Amino acid sequence: MSTIGEVIKCKAAVAWEPNKPVVIEEIEVAPPQENEVRIKIVATSVCHSDLYHLFEYMHPEGFPTVLGHEAAGVVESVGPGVTEFQPGDKVIPVFLGQCRECRFCKSPKTNQCELAWTRVSDVILASVESRFTCKGKKVLQFMGTSTFSEYTVVHQSAVAKIDPAAPLDKVCVLGCGICTGYGAAVNVAKVELGSTCAVFGLGAVGLAAVMGCKDAGATRIIAVDINSEKAEKAKVFGATDFVNPKDHNKPINQVLAEMTNGGVDYSLECVGKVEVMRTALESCIKAWGVSVIVGWTDVYNVSVKPLSLLCGRTWKGCMFGGFKSKDGVAQMVKEYLDKKLMVDEFITHNMTLDQINDAIGLMKDCKCIRTVITLSPQ
């Protein structure tokens, strides 16, 4: 029976309040309005940014919400004004939109989109509008996507159409972490052939950054993490060395300087902690080193001594790996299908929506890279 134009009742994981387990509820998902797309989510994965909102940022106005922003699904219906998509299309929702019309989208200098930041509040990390209700209450849409739900409604500027041959339970992880880390190395740092790199933090984003450094031709890639159990996994993605700061009695930037004759050419901070951001910068060689902030946080300020930059280093930040989202995601899916990009290797666990709190626990305890939650068959 067709659901087009109808309110859909479905299961979703609702975060009613911060720092508490999410609850599996029946929610109502309204039909898509103008320029919107309603998507049946096939698979989603848990990203640390979901945990950041739930356990660290904890803005009281950001709840109740349905978390999740790394997913893949099938278009169920479209609203007025949508011409790019039709029911049955395989898609990946993206938290950073690409309208293709604004001055940012038309500029090769950035992957930002002016429309995207008018649709998602950077204060509460939720859409300005939501098509979700539960128990008579409005439920916020996290990062404009909310994929811990069997159905979601997303603005067409934040949906990427992908190759119909793509396995959705695999490519769902391209919706955030892999593109973020890989692109940070390739698009933003612009790692060069024969260079030396250091990647701080070996979650999915960091491992993807390692992979990006390798694909860009770096000859030495030093993976840095306080968990030595991640050393072997880092090698799978291209790391040549592993350093655990806990194994040394001196600042890690000094350790890296001694290992590399003064510092690395490129460093990528993939942790989201301000003290690591500074360390990553100071690990670069003074004259031309480039350091990129990749990890997400908006809780604390970061500071450095001016001489750290005056000497010639460059400090950059990036979001979503510098990819123009709709174009970049589609291209990364193609790279995966052409066997030029590792994706399966990031997936360590598979669960169902009813196990979402277990999946969140695995991420919180650093016992997984990516857990894929299957919501419906492809």
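Predicted model: local features only at pLDDT ≥ 70, side-chain atom pairs only at ≥ 80, totals over all residues.
**Stop 1**

Colour residues 8-175 together with 342-374 as domain 1, and residues 180-319 as domain 2. Domain 1 is written as two stretches of the chain, whereas domain 2 is given as one. The centres of the two domains, taken over C-alpha atoms, are 29 Å apart.

**Stop 2: where the domains meet**

Now show the residues at the boundary. On the domain 1 side 14 residues are in contact with domain 2, and on the domain 2 side 13 residues take part. About 1400 Å² is buried between them, and carbon and sulfur atoms give 70% of that area. Select Tyr-52, Met-342 and Phe-346 in domain 1: these lose the most area to domain 2, together 39% of what their side buries.

What kinds of residue does domain 1 present to domain 2, by class? There are 10 nonpolar, 2 polar and 2 charged residues on that side. Across this interface there are 0 salt bridges, and 2 residue pairs are in polar contact.

**Stop 3: a cis peptide bond**

Select Phe-63 and Pro-64. The peptide bond that joins them is cis, with omega at about -5°. Pro-64 is in the loop that runs between α1 (48-57) and β4 (65-66).

**Stop 4: two residues with positive phi**

Go to Asn-261, in the loop between α7 (252-259) and β16 (266-269). Phi of Asn-261 is positive, near 60°, and this residue is not a glycine. Is Asn-261 buried or exposed? Its relative accessibility is 71%, so Asn-261 counts as exposed.

Next select Lys-339, in the loop between α10 (325-337) and β19 (347-352). Lys-339 is also not a glycine, and its phi is about 60°. Lys-339 is exposed, with a relative accessible area of 76%.

**Stop 5: a buried serine**

Select Ser-291 in strand β17, which covers residues 290-293. The relative accessible area of Ser-291 is 1%, under the 20% limit, so Ser-291 is buried. Beyond its neighbours within four places in sequence, Ser-291 is in contact with several other residues, including Ala-280, Leu-281, Cys-284 and Trp-315.

**Stop 6: salt bridges**

Side chains of opposite charge can pair when their charged atoms come close. The structure holds 18 salt bridges. Three of them can be shown in turn.

Start with Asp-354 and Lys-11, whose side chains meet at 3.2 Å, N to O. This pair links distant parts of the chain, 343 residues apart: Asp-354 is in the loop between β19 and α11 (356-364), and Lys-11 is in strand β1 (residues 8-15). Asp-354 is exposed at 53% relative accessible area, while Lys-11 is partly exposed at 33%.

Then select Lys-250 and Glu-258, which form a salt bridge of 3.0 Å, N to O. Lys-250 is partly exposed, at 32%, and Glu-258 is exposed, at 56%.

Last, select Lys-334 and Asp-338, where the closest N and O atoms are 2.8 Å apart in a salt bridge. Both residues are partly exposed: Lys-334 has a relative accessible area of 43% and Asp-338 has 36%.

To finish, show Glu-36, Arg-119, Glu-129 and Arg-131 together. Salt bridges that share partners join these residues into one network.

Notes. Residues numbered from 1 in each chain as written. Heavy atoms only, no water. Domains from an automatic or database assignment. Contact = heavy atoms within 4.5 Å. Buried area = accessible area lost by both parts, 1.4 Å probe. Salt bridge = Lys/Arg side-chain N within 4 Å of Asp/Glu carboxyl O. Polar contact = N/O pair within 3.5 Å; in protein donor to acceptor, adjacent residues only side chain to side chain. Nonpolar A, V, L, I, M, F, W, Y, C, P; charged D, E, K, R; others polar. Helix = DSSP H or I, 4+ residues; strand = E, 2+ residues; numbered from the N terminus. Buried < 20%, exposed > 50% of the residue type's maximum accessible area, 1.4 Å probe, protein only.
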